[in-house]
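Me: I would like to go through this model with you. Could we begin with the ligand?
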Amino acid sequence: MSECIFCRIAAGELSADIVHEDDQVLVFKDITPQAPIHLLLIPKRHVSTLLELTEEDGELLTHVFTVIRKVAVEYGLSKKGFRTVINTGDEGGQTVGHLHFHLLGGRHMQWPPG
Ligand code: AMP
Ligand code: ZN
């Protein structure tokens, strides 16, 4: 059994509130939401961080952003906007070692982030 919690969610071993699933990616609600809408998109394949991506992942990344766009539209975020975040490594604030894309919306975002 994988020790990676997001691999375990992708394998159906841990439950999550899934809002989109296809052969390449999964989108589910963040367990500790930081905004009225806070979703996480993960590749089903274990990729630890953005640093592990190569040019060969171009098709996957196109798919990732296509799904983010689709979900953002479904959640009614296209007019007011939303934020997409990838935390990488310790100082980047990454706490789960499986690449994930945060989709945050439903409130006005601050800049700079903390
Ligand atoms: P990061 O800090 O960028 O690595 O983001 C990890 C995110 O995963 C955090 O926002 C957590 O709240 C979220 N998270 C951790 N465990 C779970 C889980 N079992 N289900 C849903 N979200 C989770
Ligand atoms: Zn994983």
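Me: How far is the side chain of histidine 100 from an oxygen atom of ligand 1?
Reply: An N or O atom in the side chain of histidine 100 lies 2.9 Å from an oxygen atom of ligand 1, a polar contact (a pair of N or O atoms within 3.5 Å). This is a predicted model, in which local features need pLDDT of at least 70 and side-chain atom pairs count only at pLDDT 80 or more, while totals for chains, interfaces and linings use all residues. Side-chain values use heavy atoms, without hydrogens and water, and residues are numbered from 1 along each chain as its sequence is written.

Me: How much of ligand 1 does the protein bury?
Reply: The protein buries 83% of the 500 Å² that ligand 1 exposes when taken alone (Shrake-Rupley method, 1.4 Å probe).

Me: What about aspartate 30 and glycine 93?
Reply: A polar side-chain atom of aspartate 30 is 2.5 Å from an oxygen atom of ligand 1. For glycine 93, a backbone N or O atom lies 3.0 Å from an oxygen atom of the ligand.

Me: Changing topic, which residues line the largest cavity?
Reply: The lining includes Val27, Leu39, Val67 and Phe101. A cavity is a set of points on a 1 Å grid over the protein atoms alone where a 1.4 Å probe fits but cannot get out, and lining residues have an atom within 4 Å of a point.

Me: And its volume?
Reply: The largest cavity has a volume of about 40 Å³, the space filled by probe spheres set on the points.

Notes: Chains are lettered from A and ligands numbered from 1 in the order in which they are written. A polar contact is a pair of N or O atoms within 3.5 Å; within protein, one must be able to donate a hydrogen and the other to accept it, and residues adjacent in sequence count only if both atoms are side-chain atoms. On a 1 Å grid over the protein atoms alone, a cavity is a set of points where a 1.4 Å probe fits but cannot get out, and a pocket is an open set with protein on both sides within 12 Å along at least five of seven lines; lining residues have an atom within 4 Å of a point.
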